[in-house]
Amino acid sequence: MEAVLELKNVNKHFGKKQILHDISFSVNEGEILGFIGPNGAGKTTTIKLILGLQRIDSGEVFINGKNIKTNFKEAMERVGAIVENPDSYMYLSGMQNLELIARLYKNISKEKINELVELVGLKDRIHDKVSKYSLGMRQRLGIAEALLNSPNLLVLDEPTNGLDPEGITELRNLLVKLATENKVAILISSHNLAELQSFCTNICIIQEGKIISTESINALQHDSLGRYIIELNHLENIDSYLKEEDKKLENNMIEVGREREEISDFIFELLKNNYKIYQVKEKEKTLEQAFLERIGGENDEKSNQK
Amino acid sequence: MMKNLIKNELFKLSHRTETKVLLIFAILVTIVLNFMNYYFSETNENSYKKQLKSMIKFDEDMKKSADNIEDKIYYYSDYEINQLKLKYPLISAETGYINQTISDLAEEMYRNQFTNGINSESYLEVKKEYEEALQKLENYDWKQDINEEIKANQEVIDVLSDTTSTSSSTQTEIDYYQEVIRVLNYRLKNNIPQDGSNASNTLDEYLESLQAYKMMNKNVVTHQDKIALMEVEKALNIGKYELDHDLIKDQGNSYTTIAEELLSVASGQGFMIMFVAIFIASMIIPTEFEKGTIKQLLVKPYTRTEILVSKIIATILYFIGYTIFFLVVNWIVVGIFAGFNTIKAPIIVYDFGSKTATQVGLIPELIKCFLLVLPRFLLTMFIANLFAIGSKSTVLAMFVGLSLNMSDFTMLQKPIAKFILSNCWDFNVFANGGISMNEYVTLTSSVIVVVVTTIVVLLLSNIVFKRKEIKNQ
Ligand SMILES: Nc1ncnc2c1ncn2[C@@H]1O[C@H](COP(=O)(O)OP(=O)(O)O)[C@@H](O)[C@H]1O
Ligand SMILES: [Mg+2]
């Protein structure tokens, strides 16, 4: 299957500073790729390169198989995007904004516009000037604008900014629906993993202009499993039972990493050696922690190199 | 599909507050300017009388305080003349007679009074003459004066014809006096005294140009002499044409005509149209950058060149639309102040090559003038636009556009002058065989400079716009 969006070794610098290093990832139809990284990591820059808003130093971007450098018009035909902020004309009404955009694509019907207005819940205010909208309303108008041409690639740069929790939930449901029902490929960036983890199919983590990991949400979740905390009566000689990444904690507790099958053998061995076990609990690790560990790991590697 | 881009740009332009303000501004400016011109025009009876009264008051004060003879002479005679004028309408044979004859006599009289004394012979002589003139004014028969003038001119012709040597210079003299007589007869026939009316002034100007031409050295050496001669020939031929075709008597006495004002707008004189051209060209791109809306436009399936071209075309279309709007506003406003029939004022075009005048229709002439000045507007807009793209600053772009248009290097008489845009981009200068005030600027050099600059500016705009990166906020 051909990827809807594909980046191959994309590099970008501003002045002497290299902002993006060999960025490569792809988004297939029906996938929602969460593009996660702290502020200044290079998310917006990457998205701008994808959309032709900034020049690529080296590397290639393909949208629906079309290279944006040589085939920009065809590549953009089925793209919907919101970059940084929803950029509507403040002195026009929401409806006028939508009509302007509709005119730039072939065959967008009045019904399609109305349908989208309804979808984002702006029906009552669509004839008001955008300058009178709240940030959340502008975001929703931006989403309607981005969906006008029935895109098969949706690129959203931190779209949750300015949305209230309810709005975020609505957006999430909408994106899931678009991905599952319409097979839209979605690239959505955020500095906050927690916002995305519940509905993304894949996560791509970027830090300091480098992709640290790209994997499916399942793999990342798997990574957070398999750690247990065990309370014993004492910790004498316990070291001989622990592996390298296991830890001794306060109050006679230990933290161990074992596969599900291994853990019962481990407990049995402790019991055999006259330890008393008061409690065993699985350590809950969120995606957030897994994420932070990745970033941490990367940093450690770096400091080791120095 | 480009059509839709252009449509969008026009839609956005016309919905901006700034452009709405410019439309209202056009109306207000036209009303204010025309009201001022109407009110302070030399033919406005009301303001004339008010002015006279205030001048009389002033003269009265000055008469008392004047401490040297010259001032005294001036204010005494002025006081008297102004009071006299108050009795007659502004445009009347009487007022003309006062201005031309009586005011000189009054001055002469007071000069004698203050220098030679009230009992001097010279004073009494002038006083008598002055009083006779006043007498004549009471029942002023201007036709009699004109008839006398005709007689005097005829006598000069007779004397000139008598001389046996009818050299070409004598013939020129004779021709001149015959033309003077023709004008005087025209006055008699059409009831045009020397009354300060537009028709009378036109006749006077014609005679002035005739006289100037007679005195002029026809073997011009410098460029300036050549231009002066061409201008006099133009005035003379147009005057002659108007006289030949009997176009003078119906001129009316309005301060201007609709035809004249519309032509001035269409040929790019006046500030408003230029300002709008520069403003639109300067803002159409930076405003999109300021508000970030440029991103939304650039991610659509269009090349940057298409987007740039659509914006430029929209700018041009908007400008043309605005010009038409401004013409209509002028038509209505001037119509209200000067009369709607002034649109029928004859438009006479002079051809420098064949030295002939012809009457033309208003609409074709408007279009011609506009097309000839269009290169100037287009180039101004393109340059402002280029700076706007480069700097993303409307203000800087406007500054460049306005400076280019305000600067005047016409008098820079050096070969480099022909490369200065403002010297060559208004082709109205070259219309009908006209030449530039600057001897180095020719039609050919102007065409080359304008065409080359236009191409370079457009290509540069495209390159700069295509390379522009949309910086992160
Ligand atoms: N025009 C620019 N000149 C220099 N550095 C820039 C410019 N734009 C962005 N950067 C730098 O590039 C990095 C990535 O920025 P950005 O893509 O906006 O990050 P993010 O969207 O992930 O917060 C930041 O370190 C920022 O300082
Ligand atoms: Mg960002």
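This is a predicted model: local features need pLDDT of at least 70, side-chain atom pairs count only at pLDDT 80 or more; totals for chains, interfaces and linings use all residues.
**Where chains A and B meet**

**Size of the contact**
- Chain B puts in 31 residues and chain A puts in 30.
- About 3,100 Å² gets buried between chain B and chain A, with carbon and sulfur atoms giving 54% of that area.
- On the chain B side, the residues that lose the most area to chain A are Val299(B), Pro301(B) and Glu469(B), which together make up 20% of what that side buries.

**Charges across the contact**
- There are 4 salt bridges between chain B and chain A.
- One of the salt bridges pairs Glu306(B) with Lys73(A), whose closest N and O atoms sit 2.8 Å apart.

**What chain B brings**
- Three elements of chain B each give two or more residues to the side touching chain A: α1 (2-15), α14 (293-298) and α15 (304-338).
- α1(B) supplies the largest share of that side, with 7 residues.
- By type, the chain B side that touches chain A splits into 13 charged, 9 polar and 9 nonpolar residues.

**Nonpolar cores**
- The largest nonpolar core has 101 residues, and those touching the most other members are Leu5(A), Phe25(A), Leu51(A), Val61(A), Ile63(A) and Leu187(A).
- Helix α16 (residues 362-391) of chain B gives this core its largest share, 14 residues.
- Beyond its neighbours within four places in sequence, Leu51(A) contacts residues including Phe72(A), Met76(A), Val155(A) and, from chain B, Val299(B).
- A separate core of 43 residues includes Leu98(A), Met137(A), Ile143(A) and Leu148(A).

Technical notes
Residues are numbered from 1 along each chain as its sequence is written. Chains are lettered from A and ligands numbered from 1 in the order in which they are written. Side-chain values use heavy atoms; hydrogens and water are left out. Contact means heavy atoms within 4.5 Å. Buried area is the accessible area (1.4 Å probe) that two parts lose on being put together, summed over both. A salt bridge is a side-chain nitrogen of Lys or Arg within 4 Å of a carboxyl oxygen of Asp or Glu. Helices (H or I, at least four residues) and strands (E, at least two) are DSSP runs, numbered from the N terminus. Ala, Val, Leu, Ile, Met, Phe, Trp, Tyr, Cys and Pro count as nonpolar, Asp, Glu, Lys and Arg as charged, and the others, Gly among them, as polar. A nonpolar core is a set of buried Ala, Val, Leu, Ile, Met, Phe, Trp, Tyr and Cys residues joined through side-chain atoms within 4.5 Å. Buried means under 20% relative accessible area, exposed over 50%, partly exposed in between (1.4 Å probe, protein chains only).
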